[in-house]
Amino acid sequence: MNIVVGVTGGIAAYKAVGVVRFLVRAGHHVQVIATEHALRFVGAPTWEAISRNPLGADLYTDVSEVRHVALGQRADLVIIAPATANTLAKLAAGIADDLLGNTVLATRAPVLLAPAMHTEMWENAATRANLATLRGRGFHVVGPAVGQLTGTDSGAGRLSEPEEIVAAGLALVQSARDLAGRRILITAGGTREPLDPVRYLGNRSSGKQGIALAEAACARGAEVSLIAASVDEALPTHVRSRSVGTAAELAEAVHEELPATEIVIMAAAVADYRPVRVSETKIKKEDRGDTLTLELEKNPDILASLPPLATPGQIIVGFAAETARDRAHLLELGRAKLARKDCDYLCLNVVGWSDGFGADHNTVIMIDRAGEIRAEATGSKREVADAILDVLLAHPRPTP
Ligand code: CTP
């Protein structure tokens, strides 16, 4: 798992070394992000040696890799230990003036806070309010323990023990790893059919829904293989992926991976037709006159080719991009398409000049073989992805 450990400026930072050590020993990839104040307590060489990774400290290092969001996007879990009163206040306000603040805003992974501070600060109304805000937003909290504090005082505010923090963090992720051991093949993006060396016939699919499905399945423990057809944005580095261009290349890749897959999700928009002839040289206006007629031939239907090849227990899921606005009409088109393709589920997606493609949000109605609605989801593409995966998780599995 990719785990970010955020360390903030308190004396208890020295105990966070134990948290990192436990996680690394358990086989996790740990990225430590220390704030400037944390480094006054425990220095960079310690974090790098214990985590076996370069330290994340500065917002302006590795900017070309868009690190301020990449670390959060890649994380399966974020643990902040110790979380000082100042850090809680900054997180509650959504302040992102350092690498840790950016990472927390950019992550969709569970975030566990392990507060540590003096009792008066812990009991202060501002801290209580900040914590209530963070809890309300889904942050998780472990501790603090009651005991000896830094000075001669003792009370509530002592950082929980490293073992306890690690156990609380892993429990958050493991409870969500409901697809552990399931093998899922996901296609994303839109195929491009070349006309000549500089032009192609394509579609407006951005690949975002397919990528969100791959990331969600991966975070839930599945073994994911992503086949990306002309996806412009960066592919998630923690998901096994390959890129293809044409429908024929996509078909070849899907058929190659089918035998080792339990669930196939065809989220890619596949070109239905390709040019009969691909010009070896650039098509020139002078040679063609005022109009140009392209002769196209049908591409094979990849989704429809899968059910006859599928072995018992394999689940085949298609997507259907439709411009029908009327719900009854949309469902009618979807049921007919599902019957034509003979797949197990079809996710109906309304697209239009300004809907669906490229957006960060989506609306999907998922129907099953019987034409019944199994899920209706509206939200971020990640939320829609999770709703689809919930249905697949509930799909009956053959008895071994
Ligand atoms: N699909 C495919 N191969 C094709 C065309 C589509 O595998 N040659 C898959 C898509 O990946 C998607 C589903 O079929 O999962 C439906 O795609 P869609 O474009 O909505 O449907 P079409 O079959 O192309 O029908 P039409 O364009 O006429 O609506």
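The residues of the shell around the ligand comprise nine nonpolar, one polar and four charged, in what is a predicted model.

Me: Which residues come nearest to the ligand?
Reply: Of the 14 residues around the ligand, those that come nearest are A268, L303, F319, K337 and K341.

Me: And which elements supply at least two residues of that shell each?
Reply: Those are α12 (302–309), β16 (315–322) and α13 (327–341), and the largest share, four residues, comes from β16.

Me: What polar atoms sit by the ligand's oxygen atoms?
Reply: A polar backbone atom of A268 is 2.7 Å from an oxygen atom of the ligand, a polar backbone atom of F319 is 2.9 Å from an oxygen atom of the ligand, and for an N or O atom in the side chain of K341 the distance to a ligand oxygen is 2.4 Å.

Me: How much of the ligand's accessible area does the protein cover?
Reply: The protein covers 79% of the 570 Å² that the ligand has on its own.

Me: What about R52, is it buried or exposed?
Reply: R52, which has a positive phi near 60° without being a glycine, counts as exposed because its relative accessibility is 65%, above the 50% cut-off.

Conventions: Residues numbered from 1 in each chain as written. Predicted model: local features only at pLDDT ≥ 70, side-chain atom pairs only at ≥ 80, totals over all residues. Heavy atoms only, no water. Near = heavy atom within 4 Å. Polar contact = N/O pair within 3.5 Å; in protein donor to acceptor, adjacent residues only side chain to side chain. Areas by Shrake-Rupley, 256 points an atom, 1.4 Å probe, with all protein chains shown as cover. Nonpolar A, V, L, I, M, F, W, Y, C, P; charged D, E, K, R; others polar. Buried < 20%, exposed > 50% of the residue type's maximum accessible area, 1.4 Å probe, protein only.
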